[in-house]
Amino acid sequence: MKKYGKLNGYNKWDIAFYIALMAFPVLQFCIFYIGVNFNSLLLAFQKFDVATNTTTWVGFDNLIAAFRRMFMTSEMLRAAGYSFLAYGLSLVIGTPFSLLFSFYIYKKLPASGVFRAMLFLPSVISAIVMVTMFQFFVERAVPDLVFRLFNLRIEGLIENKATRFAAIMFYNIVMGFGIPSVMYANAMGGISPELSEAARLEGVEGIREFFYITLPLIYPTVVTFLVVGVAGIFTNQINLYSFFGQWAPGNTVTYGYWLYIETAAGDRAEYPELAAIGLWLTLVAVPMTLIVKKLLEKFGPSED
Amino acid sequence: MSKKANSSSTKTRFTPVTVVILVLLALYTAFLIWLLVWSLLTSFKSWEEFRLNVLGLPEKWVWNYSFVLGKYTVPVPSASGVYNVPYGMMFLYSVLYAGGCAFTATLVPCITSYLCARFPYKFGKVVYTVVIIAMILPVVGNLPSEILVAKTFGFFDQIWGLWLMKANFLGMYFLVFYGVFKGLPKTYTEAAKIDGAGNLAILFEIMLPLVKTTFFTVMLINFIGFWNDYQTPLIYLPHYPTVAYGMQQMSVSTEYGMSTIPMRMTGAMLMFIPIFAVFLIFQNRLMANLTMGGIKE
Amino acid sequence: MNHFCKKALVVAVSVLLAFSAAACTDPTGGETERIDTTKTQLYVYNFYGGYGSDWLAAAKERYEELHKDDVYEEGKKGVQIFINNQKKSMMEVVASQVLDNVDEVYFSEYSYYYTLKNLGILGDITDAVTKPLTEYGETRSVEDKLTDEQKAYYGIEENGTVHYYGLPHYAGYSGTLIYNVDLFEKEGYYFAETPSDNTAEGRFIDRFNTEKSAGPDGVKGTSDDGLPTTYEEFFLLCDFIKEGGATPLTWNGQYYRQYLNNVAQALVADHEGLEEMMLNYTLNGTSNTLATVQNGIVTRQGPTEITNENGYLLTQQEGKYYALSFLEKLIKTDDYHNRLAFNNSYTHIDAQNDFLYAGHDGTTKDAALLCDGIWWEMEAKDTFASMEASMGPDYSKYSRNFGVFPFPKATAERAAEAAASEKPYTLYDDIFSICFMKANIAEWKKPLALDFIRFVNTDESLVEFTTITNTLKALDYTLDDAAKAKLTAFGRSLVEIREKSDIVYPFSTNPLYMNNQEFFSTHEAFYTSQDQWSPSAMHEANITAEQHFANMLAYSRGKWSTLN
């Protein structure tokens, strides 16, 4: 950092400018994040008694109880499994497809405008509506189709526990192409046309161009989405509430959904333990996110 | 550089891989169109018919729209009684709410990330870490205190108040902007500095134009998010119900058969069509990014 | 996008907005009710769910008429009950705004009384509750219309005296079986007093053997004649129904976990009875029904003292095992239920529609029973209306004949005990519906608000509520024959079964209960960590009733030490 500063000659005017522009965001953050959430964060160290309407300090009791619950109950370990699985699936299926789709659009291949719109479309529609539509497709239309074609009665794909998680992840991945695709395509749009022109002249085209030119150049954007995804392991509800309300089957439940339901359904007396669980999740997830970011930046393809 | 030259230079012939992608995209599109057409057709069915004919074309086409529009109201207390806010007004509130919030919720992370990415102060690292923490840390039971703070500042039940409340730098778009600003070559600003440009000029005349596509994309995504957000208006805008708020109230309704699938699809279409129109119009704007390459020249 | 598309879009959006403008000119749109400045207003918040607001409109009309000449404010005469119908239930977020709202009296549901009390939003209504309703010609007070459990819960002791800050509002028995009486009559789905032969079929009435058995209440000539008295008989009936080509039970597939869980809990309450059932919430007393189960054989353990330390033992109440075994048979026998009973796209509205249309649409086969809550007729009122419009007056809500299906008992012994009792049934009400006055109401308006709360709890108002909604208020009152005549058949059967029932309100003031309400709620009543709720455990993991019963103990015991 030092050399950067010196070299470019940052001075007190820069500092003044920096402070002036930073003032509003920081103030806003202090009021609407710290100010608003402060009491909630303290909850992790308190106990609330409904009968007497009193709050007492309990030190690390909640944290210890939360630790036991998080790392020693089969329910939560299972939720951990599905949370990581959900991330893994979107990582190995969702990300490559988004990138390839963006590449197609960036290359302006036939109907790319239409595809772009179609990719983005699900993000435009509210989740509750989209889920209703999708649910009908996999629960009624698919079995109906199978029945007509093979005269075979099968269960709906969400009804059937063997296909349930796959169907839900299919929904999440397919309906989730929109934002990354558009962002990737934007980033690709920023690549100098001369570069790909030069590559073409050298015979680098199609998938090779994608791997050797496009991907390295938009890598910072990809990293951003992957890092956000890591954070999402602990917060992603994979739309379970829209599918199942409060009654999502255990073989789909993620951390994000679990916490949401517990908070929504629980009473004030149950908040302290949830706050403590939240703290643990944060303690695990923040370093993990930062490490993943560092690693991706270190071992990713270089721009040269 | 002309648009024509640019577009021809990025054009590629088909290769086996791109053909595969094309097929996948076509499948995806077919699936989505099927879903949408199904929803649209469902909105033209009577719910008695829908029971027995879930997937086929409507045997009898029913115009559910005027009925749903008539029911698409939210009662709000007013000085003289209770006033039923009609769809048209909700639409206006939605535009104001989603438009304003989308702008502030895009501008603030954009500027903040610019400061963090382009200035050498350690504080930027702090901000970056704070963003990551805030993305992960679940906060429970903070609504009452949030309402209290909103009321203290006079933001409660004010659309402009929500613009300010939503004007935070937290969230993934901070990281997106951060990545974009980090990726911009230093040469541009250095050259401008040598030419004697001030910080403000560099920000507004050089940096912001360079990220304008990202800015508009993020703003559009935010706009859609706020358009579909019913929770915030439900709590913070009791006198200014938005269309999403109305839709939510309709979907929890048990009256007049409003909770049937055809009626819900009709309501969904009423919410979806305007934003889809906005999206298609701005789609052009997004495509324009292909002309803004070549910062390295 | 080309210009044509753009233009088409602009046209589309304009058309849409034009429609919305048309909606604005709708005479029912805009202002609904104006504030009458010549009168004093009392602002009333009503949760606008399945029970609607017609009952409140009727009460308003009578109340305004009654007080049209009374003066509450200088220069004004009479009172205007100003109703604010909202679809937001009294969750904590909404509740925290009560003090700032204009509304003064509230009617809502799914609200935990002590949570609201702790928020400081409840005003003291003790006077309205405890003074006899003499001015309305009654000798009882509102308090007299509460059960002991309700009094203990709503009456809070402060400085040596009992104060009330809220009252129960409507009743909600969520795990109810509803049967199509017309179909039962037509098909003779009734047990005969004396079987005509030794076959299963011979146990039912037919053209020659028409005398029905006495039914679960043990009394002949009542509406439950011929209905099954034990679980065993219930499944004989299911077999009989399915062999006749009809569907025995229909339920909501999307939330089958919830709906069947509710049925199981209702079965437990009905089997265990009020006293044993309340132990689950008071955690204080002797349980006589704890049991062990081995290879399907249930052995009672003898009386066990229940305290805050060993409350988890109550997972072993025998009624819970029996309810699980009931559920198991229902779930695992495909012909006992509708085809989409576990399909995630099949909602409660679909189930209601199918139940009502079954056998009348030329496509689907008859359906005998539906699992839903007692409010189902309100939710299905549009289906009734539209059937009436397209198929004639015989299909109206008031013409069709549905009833609350009285639960059979798990064993013949328990059935006999129930039949001999004055109250053969126990109902389970977990809707947590509440009426209250906000804490910061203007001092001069308090008497008006309190009087209105008294007014809606007079016998006349309670009866009116029932005749309008065909459901019940969670207070004690009776309907005379004239009032009953105004009800739907289902409403009448609901009133009738309530007259013969004890009612469990699943709450207590035990701090352990209050600090862990979610753990003690219906949602977690049959929960285990591995297989979650019993309906899905049985349907998906093929768990048996016996295994689940054992797992519940393990889960509850583990959880017990971590309770707040």
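This is a predicted model: local features need pLDDT of at least 70, side-chain atom pairs count only at pLDDT 80 or more; totals for chains, interfaces and linings use all residues.
Let's start where chains A and B meet. On the chain B side, 77 residues are in contact with 87 residues of chain A. Several helices of chain B give two or more residues to that side, among them helix 2 (16–42), helix 5 (87–118) and helix 15 (261–287). And what is the residue make-up of the side of chain B that touches chain A? There we have 46 nonpolar, 25 polar and 6 charged residues.

Now over to chain C. Here you'll find an open sheet of 5 strands with mixed pairing, in the order 3-2-4-17-7. Strand 3 (79–86) and strand 7 (167–168) of chain C each have a single partner strand, so one side of each has no neighbour in the sheet. Inside the sheet, strand 4 (residues 105–108) and strand 17 (residues 434–437) of chain C run antiparallel and are joined by 4 bridges. If you'd like one pair to click on, Ser108(C) has Ile434(C) as its bridge partner.

Helix 15 (residues 446–456) of chain C touches strands 2, 3, 4, 7 and 17 of chain C, and its direction makes about 160° with that of strand 17. Helix 2 (residues 54–66) of chain C lies across strand 2 (40–47) and strand 3 of chain C, at about 170° to strand 3.

Last stop, chain A. Strand 1 (residues 46–49) and strand 2 (residues 54–57) of chain A run antiparallel, joined by 4 bridges, and Asp49(A) is partnered with Thr54(A). The two strands form a hairpin with 4 residues between them. In the turn, Asn53(A) has a positive phi of about 55°.

Conventions
Residues are numbered from 1 along each chain as its sequence is written. Chains are lettered from A and ligands numbered from 1 in the order in which they are written. Two residues are in contact if their C-beta atoms, placed from the backbone, lie within 7 Å. Ala, Val, Leu, Ile, Met, Phe, Trp, Tyr, Cys and Pro count as nonpolar, Asp, Glu, Lys and Arg as charged, and the others, Gly among them, as polar. Two strands pair if DSSP finds at least two bridges between them. Axes are lines fitted to C-alpha atoms, for helices over the stretch in contact, and angles run from 0 to 180 degrees between N-to-C directions.
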